[in-house]
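I opened a new notebook page for this model.

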Amino acid sequence: MSRGVERADLWTTEQLRTFLDVAAGHRIGAFYRLAAYTGARRGELTHMRWSDLDLDAAELTISGSAATIGAVRVEGTTKGGRSRVVSLDAGTVEVMRAHRKAQLAARTWWQDGDNLVFLREDGAPMHTDTPTALMPKFITAAGLPHTRLHDLRHLHATTLLLAGVPVHVVAARLGHADPAITLRVYAHVPREQASGVADVFATAVDG
């Protein structure tokens with residue numbers, strides 16, 4: 001059974017913005033923007049091709065996942081075994097347009113890369129552990145408390161749920177096969193939301 005995610009373990013949205021501002025200047029800064037703003041898993045983003053991004057429609061199709069086993073890059077399906085389409089906000093679309101422009105301008109990036117969105121400086125596929133390995137450097141530079149790369153996914157989900165986005169919509173965005181998984185992992189969010197429900201009803205009835 002999945003352990004619930006306590007909100008105290010997560011950054012605030014202000015801390016997230018500080019982190020992203022620092023990471024933005026790096027070659028793969030856009031990776032962290034996508035991770036935070038889509039809730040996608042590391043393997044899903046390191047698998048991503050430019051053909052998966054429709055920036056005009058502001059959509060990302062998450063169709064697979066990558067991992068490194070030993071020294072070998074291995075690609076397969078998503079954790080749930082199904083592809084999904086995730087909407088992108090306007091700011092993230094602009095970040096990805098800028099990333100594409102920079103990638104095309106850097107000739108050393110444009111070797112083969114199998115049309116991957118995130119590459120090494122020499123144009124080869126990026127090691128799937130690279131975003132995790134680089135993250136502490138940016139956290140330290142930003143003066144923030146330590147957090148894990150996967151916690152950006154948790155922050156994404158928690159923020160959406162606290163904003164009132166329906167659980168089934170968040171579950172689909174995260175790639176959870178069943179909204180019950182989302183409810184179990186983020187059980188603390190409904191409790192926080194429910195804390196003021198009695199007053200909301202009383203205000204509606206009593207005026």
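**Entry 1: α2 and α4.** I began with this pair, and α2 and α4 are roughly antiparallel to each other, as the angle between them is over 145 degrees, the cut-off for that word (under 35 is roughly parallel, 65 to 115 roughly perpendicular, the rest oblique). I read an angle of about 155° and axes 10 Å apart for α2 and helix α4 (residues 90-105). Axes here are lines fitted to C-alpha atoms, for helices over the stretch in contact, and angles run from 0 to 180 degrees between N-to-C directions. Helices (H or I, at least four residues) and strands (E, at least two) are DSSP runs, numbered from the N terminus.

I noted that the crossing of α2 and α4 is left-handed. That word applies if the near helix is turned anticlockwise from the far one by less than a right angle; clockwise is right-handed. I then listed the residues in contact (heavy atoms within 4.5 Å). From α2 they are Ala30, Arg33, Leu34 and Tyr37, and from α4 they are Gly91, Thr92, Val95, Met96 and His99. By class I found 5 nonpolar, 3 polar and 1 charged in the contact of α2 with α4. Ala, Val, Leu, Ile, Met, Phe, Trp, Tyr, Cys and Pro count as nonpolar, Asp, Glu, Lys and Arg as charged, and the others, Gly among them, as polar.

**Entry 2: the ground rules.** I am working on a predicted model, where local features need pLDDT of at least 70, side-chain atom pairs count only at pLDDT 80 or more, and totals for chains, interfaces and linings use all residues. Residues are numbered from 1 along each chain as its sequence is written, and side-chain values use heavy atoms, with hydrogens and water left out.

**Entry 3: α1 and α2.** I looked up α1 against helix α2 (residues 29-38) and found an angle of about 155°, with the axes 8 Å apart. This makes α1 roughly antiparallel to α2. Their crossing is left-handed. On the α1 side I see Leu16, Phe19, Leu20 and Ala23; on the α2 side, Gly29, Tyr32, Arg33, Ala36 and Tyr37. The classes in this contact of α1 with α2 are 7 nonpolar, 1 polar and 1 charged.

**Entry 4: α1 and α5.** How do helix α1 (residues 13-23) and helix α5 (residues 130-142) pack, and at what angle? I read about 110°, with their axes 9 Å apart. α1 and α5 are therefore roughly perpendicular to each other. This crossing is right-handed. Thr18, Phe19, Val22 and Ala23 of α1 make the contact with Met135, Phe138, Ile139, Ala141 and Ala142 of α5.

**Entry 5: a pocket.** I moved on to the second largest pocket, with about 220 Å³ of space. Its lining includes Arg41, Arg42, Lys79 and Arg148. The lining divides into 5 nonpolar, 3 polar and 4 charged residues. α3 (42-47) and β3 (65-69) each supply at least two of the lining residues.

**Entry 6: single residues.** I placed Ser65 in strand β3. Ser65 and Glu75 are 10 residues apart in sequence, yet 5.7 Å apart in space, C-alpha to C-alpha. Leaving aside neighbours within four places in sequence, Ser65 has contacts that include Gly43, Glu44, His47 and Glu75.

Last, I checked Ala58, in the loop between β1 (53-54) and β2 (59-62). Phi of Ala58 is near 55°, a positive value in a residue other than glycine.

Methods:
1 Å grid on protein atoms, 1.4 Å probe; cavity = no way out; pocket = protein on both sides within 12 Å on 5 of 7 lines; lining within 4 Å. Points joined across faces, edges and corners; volume = space filled by probe spheres on them.
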